[in-house]
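Here is a colleague's note for someone opening this structure for the first time. Please read it with the model on screen.

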Amino acid sequence: YTKPAGVLLTANLTKEALTRNEELAVRLSPAQVEGIAGYLRWAMWQTAQHELLDGRDFKAANALANVAHPAASADICATTHEHQGIAEQLLQAVQRATSHIIVSSFGWDQQHPVVQALCRRAREGLKVTVLARIRPVAMPALLTLAESGAHVYGFKWLHAKALWTDVGDAMVMSANLEAHGLDGGFELGALLTMQQAEELKVRLEHWQDTAAWRLIPRPVL
C-alpha cells in the first residue's frame with residue numbers, strides 16, 4: 001500500500017465493547033501501521049499454534065524459522081516472549097512524570113512493578129488518577145493505590161488501557177497492568193504525539209468527571 005492506515009483499539013470486536021464500554025481507539029500514522037503490521041506478521045508465523053484451514057476445524061500450525069522478531073520502534077511497543085516493551089515504556093513514563101499521572105486499565109496486579117511504581121509516585125506527592133472497572137480481583141491493587149494517595153475512580157464497564165503524564169508521555173495499549181499483558185502474552189501499544197496526548201487527557205478527564213464511584217480507603221464523617 002502507498003498510504004497504509006489503521007486503528008489500534010482497546011476494545012474487543014463485540015457489540016458491548018463498541019457500544020457500551022469505556023474504550024479508546026488511536027488512528028495510527030503510516031509508520032505506526034507498518035510497525036504493528038510487523039509485529040502481527042511475526043506473531044502469526046512464529047507464535048500461532050493452530051490455524052483454520054477448512055473453515056470448520058483448527059489444525060496444529062508450525063512456526064516458520066526465518067521470520068525475525070521486529071526491532072524496537074520509537075512509536076510502537078509490544079509485549080512478546082522476547083521483549084517487554086510496554087512495561088518498560090510505562091515504567092519510564094511513570095518515573096519521568098513531575099506532577100500528574102492518569103492511568104486507565106481493566107486489570108490490575110498489586111505486585112506488578114508498574115503498579116508499585118504508581119503507588120510510589122503517589123506517596124511522593126504526585127497526583128495519580130486511576131480509572132478502573134470495579135472487579136473483586138482488582139481490589140487489592142486499587143486499595144493499595146488509594147491508600148498510597150492515588151485518586152481511584154470506579155466504573156461498571158470500563159475496559160480502556162492508557163497512560164498520560166504531565167511531561168507529554170502518553171500511550172494507548174491492549175495490555176492490562178498485570179503480568180499477563182506486561183510480562184507475557186502478545187500485546188501492542190501506540191506511543192502518542194503531543195496532540196494525541198492532549199486529546200487522550202481530555203477523554204480521560206471526562207471519564208473521571210462522570211465516574212459514578214470513588215474508592216475512599218478511610219472515609220470520615
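This is a predicted model: local features need pLDDT of at least 70, side-chain atom pairs count only at pLDDT 80 or more; totals for chains, interfaces and linings use all residues.

1. Helix α5. This helix covers residues 139-148, and its buried residues are Ala141, Leu142, Leu145, Ala146 and Ser148. Why can they be said to line one face of the helix? Seen down the axis of α5, the buried residues fall within an arc of 160 degrees, so they line one face. As background, an α-helix has 3.6 residues a turn, so residues three or four places apart point the same way.

2. What lies over that face. The cover on the buried residues of α5 includes helix α4 (113-123) and the strands β7 (127-133) and β8 (151-155). Just after α5 comes Gly149, with a positive phi of about 115 degrees.

3. Ser148. This residue belongs to helix α5. Is Ser148 buried or exposed? Its relative accessible area is 10%, so Ser148 counts as buried. Leaving out residues up to four places away in sequence, Ser148 touches Cys119, Ala122 and Arg123. With Arg123 there is also a polar contact between side chains, at 3.3 Å. Ala160 is twelve residues from Ser148 in sequence, and the two C-alpha atoms are 23 Å apart in space.

4. Salt bridges. How many salt bridges does the structure hold? There are three. In general, side chains of opposite charge can pair when their charged atoms come close. The three are taken one by one in the next points.

5. Arg56 and Asp54. The closest N and O atoms of this salt bridge are 3.8 Å apart. Arg56 has 65% relative accessibility and so counts as exposed. Asp54, with a relative accessible area of 34%, is partly exposed.

6. Arg96 and Asp169. Here the closest N and O atoms of the salt bridge are 2.9 Å apart. The pair links distant parts of the chain, 73 residues apart: Arg96 lies in helix α3 (residues 85-96), and Asp169 in the loop between β9 (162-165) and β10 (170-173). Arg96 is partly exposed because its relative accessible area is 41%. Asp169, at 18%, is buried; the cut-off for buried is under 20%. Apart from its neighbours within four places in sequence, Asp169 is in contact with Ala93, Arg96, Leu163 and Trp164.

7. Arg121 and Glu124. The side chains of these two residues meet in a salt bridge with an N to O distance of 2.6 Å. Arg121 has 7% relative accessibility, so Arg121 counts as buried.

8. The largest nonpolar core. In soluble globular proteins, nonpolar side chains tend to be buried together. In this model the largest nonpolar core has 34 residues, and those with the most contacts inside it are Leu90, Trp108, Leu118, Val130, Leu145 and Leu177. At least two residues of this core come from each of α3, β6 (100-105), α4, β7, α5 and β10. Which element supplies the largest share of this core? Helix α4 does, with six residues.

9. Leaving out residues up to four places away in sequence, Leu177 touches Leu90, Val103, Ser105, Gly107, Trp108, Asp109, His112, Val114, Val115, Leu118 and Leu182.

10. The aromatic pair. The count of aromatic pairs comes to one. Trp42 and Phe186 form this pair, which is tilted: the ring centres are 6.4 Å apart and the planes stand at 50 degrees. The pair links distant parts of the chain, 144 residues apart, with Trp42 in helix α2 (residues 30-46) and Phe186 in the loop between α6 (179-182) and β11 (187-191). Trp42 is buried because its relative accessible area is 2%, whereas Phe186, at 30%, is partly exposed.

Key: Residues are numbered from 1 along each chain as its sequence is written. Side-chain values use heavy atoms; hydrogens and water are left out. Buried means under 20% relative accessible area, exposed over 50%, partly exposed in between (1.4 Å probe, protein chains only). Helices (H or I, at least four residues) and strands (E, at least two) are DSSP runs, numbered from the N terminus. The arc is that of the directions from the helix axis to the C-beta atoms. Contact means heavy atoms within 4.5 Å. A polar contact is a pair of N or O atoms within 3.5 Å; within protein, one must be able to donate a hydrogen and the other to accept it, and residues adjacent in sequence count only if both atoms are side-chain atoms. A salt bridge is a side-chain nitrogen of Lys or Arg within 4 Å of a carboxyl oxygen of Asp or Glu. A nonpolar core is a set of buried Ala, Val, Leu, Ile, Met, Phe, Trp, Tyr and Cys residues joined through side-chain atoms within 4.5 Å. Rings of Phe, Tyr and Trp (its six-membered ring) pair if their centres lie within 6.5 Å; planes under 30 degrees apart count as stacked, over 60 as edge-to-face and the rest as tilted.
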